[in-house]
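Look at the model below.

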Amino acid sequence: MTRLTYCEQKSRSAEEALKGVDLNHNFEALVENPLAHLTPEQLQHDVRSFARTTGLEEYQALLEKGAWIAKDPRHWDAIPGVTDAEKQSLRDERSRRFRQPLALYLTIIICSVGAAVQGWDQTGLNGANLKWPGALGLDTNLRSNDFWILGLVNAAPYLAAALMYLSSYSPTLVIRG
């Protein structure tokens, strides 16, 4: 009998689990907890195998605790070995879902605004590229030098943003090149 790797075991058990699911009539799109039907021995074996395969043996006890919590998330407070601080974190996760550091919210907002601005910029460039080269008499065939002018104009906002970032980050970088 050949020994299966952890990933092969997981994919095989996932395929077996899907045999009983009618994907065409799962109207609520409910996903069953994959750990719910594992025996304690199988759960412990899977965690050990995962820790050994990924080189996380030093975190095996923590991984086992997490697997037990994930196996039965409604009764996590009855799992032995869960510290008071971990219990408080789990309570907070349930009762205060949006209690995150301000820096995380600022990062999300800034990235969202940046993505919107970049999208508007790209849309404007795409629309403008349909008309302005012909209006200025540029030949945009691949064999023409005017094609490079078109590329430079399209890259200008991104080049300018990069130069502004570098100059605000460290003026010596711009001076030294």
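Buried means under 20% relative accessible area, exposed means over 50%, and partly exposed lies in between (1.4 Å probe, protein chains only). At 42%, arginine 96 is partly exposed. Aspartate 92 is buried, at 16%.

This is a predicted model: local features need pLDDT of at least 70, side-chain atom pairs count only at pLDDT 80 or more, and totals for chains, interfaces and linings use all residues. Residues are numbered from 1 along each chain as its sequence is written, and side-chain values use heavy atoms, without hydrogens and water.

The structure holds three salt bridges (a side-chain nitrogen of Lys or Arg within 4 Å of a carboxyl oxygen of Asp or Glu). Aspartate 92 pairs with arginine 96 at 3.5 Å, N to O. Aspartate 92 also pairs with arginine 99, at 3.3 Å. Shared partners join Asp92, Arg96 and Arg99 into one network.

Glutamate 86 bridges to lysine 65, with the closest N and O atoms 3.0 Å apart. This pair links distant parts of the chain: glutamate 86 sits in helix 4 (residues 84–95), lysine 65 in helix 3 (residues 60–71), 21 residues apart. Helices are DSSP runs (H or I, at least four residues), numbered from the N terminus. Lysine 65 is buried at 19%; glutamate 86 is partly exposed at 25%.

Now the packing. Helix 5 (residues 102–128) and helix 7 (residues 146–169) pack at about 165°, axes 11 Å apart. Axes are lines fitted to C-alpha atoms over the stretch in contact, and angles run from 0 to 180 degrees between N-to-C directions. Helix 5 is therefore roughly antiparallel to helix 7 (over 145 degrees). Gln118, Asp121, Gln122 and Leu125 in helix 5 meet Asn154, Pro157 and Tyr158 in helix 7, with heavy atoms within 4.5 Å.

Terms used: Helices (H or I, at least four residues) and strands (E, at least two) are DSSP runs, numbered from the N terminus. Angles under 35 degrees count as roughly parallel, over 145 as roughly antiparallel, 65 to 115 as roughly perpendicular and the rest as oblique.
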